[in-house]
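Dear colleague,

I am passing on the structure that we spoke about, with the sequence alongside it.

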Amino acid sequence: MALYTIGEVALLCDINPVTLRAWQRRYGLLKPQRTDGGHRLFNDADIDLIREIKRWIDTGVPVSKVQALLLNESLDGSNGWRDQQEALLQLLQNGNIPRLRQWL
């Protein structure tokens with residue numbers, strides 16, 4: 001299994017290392033391995049997770065809400081994301097702003 005430093009991951013995912021550290025410390029979104037010296041090491045699954053987090057944030061989801069969405073998605077399986085997109089689209093089309101706010 002390949003392991004990557006935080007700098008390598010930052011380049012692969014086009015994200016600042018400071019952001020990755022914040023996602024780990026503040027939000028508990030990442031759990032990288034550590035070297036004996038305390039340096040973070042990320043595997044391929046971590047990189048996939050980082051890209052998924054970034055997709056959520058790029059669609060306008062606040063980072064503080066991402067963990068709940070990731071947990072919900074893992075419980076729902078692969079259709080969880082699509083189901084949530086459809087629910088959100090339905091709320092938008094119906095103009096149901098109060099329910100939309102509650103969903104977010």
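In what follows, helices (H or I, at least four residues) and strands (E, at least two) are DSSP runs, numbered from the N terminus. By that rule the protein chain has six helices and three strands, and from the N terminus on its elements run β-α-α-β-β-α-α-α-α. Please keep in mind that this is a predicted model, in which local features need pLDDT of at least 70 and side-chain atom pairs count only at pLDDT 80 or more, whereas totals for chains, interfaces and linings use all residues. Residues are numbered from 1 along each chain as its sequence is written, and side-chain values use heavy atoms, with hydrogens and water left out.

Two values describe the chain as a whole. Of its 104 residues, 31% are buried, where buried means under 20% relative accessible area, exposed over 50%, and partly exposed in between (1.4 Å probe, protein chains only). Among the contacts in the protein chain with a separation of 6 or more, 46% are accounted for by residues 24 or more positions apart, a contact being heavy atoms within 4.5 Å.

I then looked at how helix 1 packs. Helix 1 (residues 6–13) and helix 3 (residues 44–58) pack at an angle of about 45°, with their axes 11 Å apart; axes here are lines fitted to C-alpha atoms, for helices over the stretch in contact, and angles run from 0 to 180 degrees between N-to-C directions. Helix 1 and helix 3 are therefore oblique to each other, given that angles under 35 degrees count as roughly parallel, over 145 as roughly antiparallel, 65 to 115 as roughly perpendicular and the rest as oblique. On the side of helix 1 the residues in contact are V9, L12 and C13, and these meet I47, I50, R51 and K54 in helix 3. Sorted by class, the contact of helix 1 with helix 3 has five nonpolar, no polar and two charged residues (Ala, Val, Leu, Ile, Met, Phe, Trp, Tyr, Cys and Pro count as nonpolar, Asp, Glu, Lys and Arg as charged, and the others, Gly among them, as polar).

The axes of helix 1 and helix 2 (residues 17–25), for their part, come within 9 Å and cross at roughly 105°, which makes helix 1 roughly perpendicular to helix 2. In this pairing I6, V9 and A10 in helix 1 meet P17, L20 and R21 in helix 2, and the residues of the contact divide into five nonpolar, no polar and one charged. In the loop between helix 1 and helix 2 lies D14, which has a positive phi of about 55° although it is not a glycine. With 63% relative accessibility, D14 counts as exposed.

Which residue forms a salt bridge with E52? The partner is R55, with the closest N and O atoms 2.7 Å apart, and the structure holds one salt bridge, defined as a side-chain nitrogen of Lys or Arg within 4 Å of a carboxyl oxygen of Asp or Glu. Because E52 and R55 are three residues apart in helix 3, they are separated by about one helical turn. E52 counts as buried at 15% relative accessibility, while R55, at 47%, counts as partly exposed. Finally, the C-alpha atoms of E52 and V66, which are 14 residues apart along the chain, are separated by 9.5 Å.
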